[in-house]
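Let's take a walk through a protein model together. Keep the picture in view and follow along as we go.

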Amino acid sequence: MILVPIVCLFVLRAGFWPIAATSQPSSWESRLAMRALRASVERVAPPQPNAITASEENLLAGMKTFKNGCAGCHGDARPSQWGTTSFYPRVPQFAQELPQLTEPQMFWIVKHGVRYTGMAAWDGLLSDDEIWKVVMFLSHLERLPPRVAEEFHRKQ
């Protein structure tokens with residue numbers, strides 16, 4: 001039981017742990033990181049519901065903020081070349097893999113960021129209303145109104 005932490009410490013201190021952002025994460029590392037992320041976000045994210053209604057106008061506003069601030073890493077209707085190859089861990093591509101978190105959990109992540117990843121904190125850069133609109137847009141990706149879906153899939 002004490003041998004595993006000693007070996008891990010040796011691997012880290014001796015410089016054997018891979019640090020390149022372009023390397024592919026191992027499956028155990030990805031599972032462990034996602035489990036830790038989910039547990040932490042479930043603990044710290046307040047269970048407050050999104051007070052903004054899912055109107056077409058609010059979904060369009062959330063989509064525009066997403067396209068302007070988030071799509072560079074998370075992709076828009078197409079995956080981001082940068083987010084799928086140059087980040088470690090890889091950046092979720094929401095049009096291809098829908099968010100698995102609740103709206104309050106996504107709100108907390110957007111507002112506060114995620115340590116040891118490229119996910120920055122947007123607190124102070126976006127208002128809470130803007131963050132809620134982005135989160136609402138992401139949570140409705142499967143069922144966007146036709147006008148919003150058309151705008152989202154439009155090539156720029």
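What should the 12 residues of H7 span at 1.5 Å a residue, and how far apart are its end C-alpha atoms? The expected span is 1.5 Å times one less than the number of residues, so H7 should span 16 Å, and its end C-alpha atoms are 16 Å apart, which agrees. A helix here is a DSSP run of H or I with at least four residues, a strand is a run of E with at least two, and both are numbered from the N terminus.

Before going on, a word on what you're looking at. This is a predicted model, so local features need pLDDT of at least 70 and side-chain atom pairs count only at pLDDT 80 or more, while totals for chains, interfaces and linings use all residues. Residues are numbered from 1 along each chain as its sequence is written, and side-chain values use heavy atoms, with hydrogens and water left out.

Now step back to the whole chain. It has 8 helices and 0 strands, and its C-alpha trace spans about 55 × 35 × 25 Å along the principal axes. Of its 156 residues, 32% are buried, meaning under 20% relative accessible area with a 1.4 Å probe and protein chains only (exposed is over 50%, partly exposed in between). A contact means heavy atoms within 4.5 Å. Among the chain's contacts with a separation of 6 or more, 63% join residues 24 or more positions apart.

Back to H7, which covers residues 128-139. Its buried residues are Ile131, Trp132, Val134, Val135, Met136, Phe137 and Leu138. What covers them includes H3, H6 and helix H8 (146-153). Pick out methionine 136 in this helix: at 1% relative accessibility, it counts as buried. Beyond residues up to four places away in sequence, methionine 136 touches Asn50, Ile52, Thr53, Ala54, Asn58, Leu59 and Glu103. Methionine 136 and glycine 62 are 74 residues apart in sequence, yet 7.1 Å apart in space, C-alpha to C-alpha.

Glycine 62 takes us to H3, where Asn58, Leu59, Leu60, Gly62, Met63, Thr65, Phe66 and Lys67 are buried. These buried residues pack against H4, H7 and H8. The length check works for H3 too: its 14 residues should span 20 Å, and its end C-alpha atoms are 20 Å apart, which agrees.

Next, find aspartate 76 in the loop between H4 and helix H5 (81-85). Is aspartate 76 buried or exposed? At 13% relative accessibility, aspartate 76 counts as buried. Its side chain reaches the backbone nitrogen of arginine 78 at 3.1 Å. Leaving aside neighbours within four places in sequence, aspartate 76 is in contact with Phe66, Lys67, Ala71, Ala95 and Phe152.

Finally, look for the largest pocket, with a volume of about 1,500 Å³. On a 1 Å grid over the protein atoms alone, a pocket is an open set of points where a 1.4 Å probe fits, with protein on both sides within 12 Å along at least five of seven lines; lining residues have an atom within 4 Å of a point. Of the 47 lining residues, the closest to its centre are Met34, Leu37, Pro89, Val114 and Thr117. H2 gives the most to the lining, with 11 residues.

How values were computed
Points joined across faces, edges and corners; volume = space filled by probe spheres on them. Polar contact = N/O pair within 3.5 Å; in protein donor to acceptor, adjacent residues only side chain to side chain.
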